[in-house]
Amino acid sequence: LALVVAKEHRHKGVATALENAVKESAQRDGSKALALNSGINEQRRGAHAFYEQYGFEKGTFGFAYSLD
């Protein structure tokens, strides 16, 4: 599942509403946790702040190996 809020719709509560819907669905299905992956470039800084404000905690490191 990938969720992205278009730039012109950010800071209007859309991301919070999406996360709330995902959380409620997961709880109904008996899930115990939500996990997400996000890039680490400068463009993701705002998203990372949102995730932490929402209550997500940094829990793992991810690694990628480019074949180019």
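Start with a definition: buried means under 20% relative accessible area, exposed over 50%, and partly exposed in between (1.4 Å probe, protein chains only). This is a predicted model, where local features need pLDDT of at least 70, side-chain atom pairs count only at pLDDT 80 or more, and totals for chains, interfaces and linings use all residues. Residues are numbered from 1 along each chain as its sequence is written, and side-chain values use heavy atoms, with hydrogens and water left out.

Select L3 first. L3 sits in the segment before α1 (helices are DSSP runs of H or I, at least four residues). With a relative accessible area of 38%, L3 is partly exposed.

Next, the largest pocket, at about 980 Å³. A pocket here is an open set of points on a 1 Å grid where a 1.4 Å probe fits, with protein on both sides within 12 Å along at least five of seven lines; lining residues have an atom within 4 Å of a point. Pick L3 again, plus A15, A47, F50 and Y51: of the 30 lining residues, these are the closest to the centre. Colour α1 (14-28) and α2 (45-54), the elements that give two or more residues to this lining. By class, the lining has 17 nonpolar, nine polar and four charged residues.

Last stop: the second largest pocket, about 780 Å³. Select L36, S38, K58, G59 and T60, the closest to its centre among 18 lining residues.

Technical notes: Points joined across faces, edges and corners; volume = space filled by probe spheres on them. Nonpolar A, V, L, I, M, F, W, Y, C, P; charged D, E, K, R; others polar.
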